[in-house]
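Dear colleague,

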Amino acid sequence: MEIVQIAVLSDNYIYLAHDGDETVVIDPAVAEPVLAAAAARGWTITQILNTHWHPDHTGGNAAIKAATGCRITGPAGEAAKIPGIDRAVAEGDAVQIASAAGRVIDVPGHTAGHNAYYFAGAGDDGAGVLFCGDTLFALGCGRLFEGTPAQMNASLAKLMALPDDTLVYCAHEYTQSNARFAVTVEPGNADLASRVVDIDVARAAGKPTVPSTIGLERATNPFTRAASVAEFATRRAAKDAFR
Ligand code: ZN
Ligand code: FE
């Protein structure tokens, strides 16, 4: 599938995933730039996939549906809070973008019903594609608004079980601030140190640091590398207080 990354608001990413005659929007915070990006490519939006109910992931639902008649798929655990939802999905349910077959992974923690969507083999060179909303970020993870450290730790472990080359399309460009915290947790991690250089180069050039990969997160993300729930909880609390 072809993936277009649309930067909106202060640090959100919306994605267009296009395959065959289908175009799916993932987490439309807003409508206008999404409709414009699709129109510029001659694509017709057929579906919206929401990872969770927060307005910076669903705010464009109603206007995009009104403009295109697309169907909206979102998490069963928060269906009542997803504007315009047509189909509620949960762990193991199939999602499809034309010929690309995906599945739902339940990843509670940031919100109680948060979904990730995984499309095996759908990326360039046959890599998998993961849309993980606000669960896993480049060098970070989502804040625990509705879940426990144990839930988020288990959710991250499920994502870390995906193949190393899986492309991680998260919903925010938080990487540079995550990096400042990560180096305080693992000052001796050489993979992390070299990644931080790459991140600073990319941001100085105005480029995104997303997508990353599961392998890179496994090697460098302090939240995926906690040895226990207690250690994860300590790191998450420290990041919440970090400035
Ligand atoms: Zn959120
Ligand atoms: Fe968000």
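In this predicted model, the axes of helix 5 (residues 175-185) and helix 8 (residues 229-241) come within 11 Å and cross at roughly 130°. Axes here are lines fitted to C-alpha atoms, for helices over the stretch in contact, with angles from 0 to 180 degrees between N-to-C directions. Helices (H or I, at least four residues) and strands (E, at least two) are DSSP runs numbered from the N terminus. Helix 5 and helix 8 are therefore oblique to each other; angles under 35 degrees count as roughly parallel, over 145 as roughly antiparallel, 65 to 115 as roughly perpendicular and the rest as oblique. The contact (heavy atoms within 4.5 Å) involves Ser177, Asn178, Phe181 and Val185 of helix 5, together with Arg235, Ala238 and Lys239 of helix 8.

Donors are N, O and S atoms within 2.8 Å of the metal (3.2 Å for Na, K and Ca); water is not among the atoms, so sites may look incomplete. Four donors count as tetrahedral if all angles lie between 85 and 135 degrees; four count as square planar and six as octahedral if opposite donors are over 155 degrees apart and all others between 65 and 115; anything else is irregular.

The iron ion (ligand 2) is held by Asp56 (OD), His57 (NE2), Asp134 (OD) and His172 (NE2), at 2.0 to 2.3 Å. Its arrangement is irregular because the 4 donor atoms subtend angles of 84 to 169°. Asp134 coordinates both the iron ion (ligand 2) and the zinc ion (ligand 1), which are 3.2 Å apart. Asp134 lies in the loop between strand 10 (129-133) and strand 11 (136-137), and His172 in the loop between strand 13 (167-170) and helix 5, so the pair ties together parts that are 38 residues apart in sequence.

Two backbone features remain. Val210 and Pro211 are joined by a cis peptide bond, with omega about 10°, and Pro211 lies in the loop between helix 6 (190-204) and strand 14 (212-213). Leu9, in the loop between strand 1 (2-8) and strand 2 (12-19), has a positive phi near 50°.

Residues are numbered from 1 along each chain as its sequence is written, while chains are lettered from A and ligands numbered from 1 in the order in which they are written. Local features need pLDDT of at least 70, side-chain atom pairs count only at pLDDT 80 or more, and totals for chains, interfaces and linings use all residues, while side-chain values use heavy atoms, leaving out hydrogens and water.

Yours sincerely
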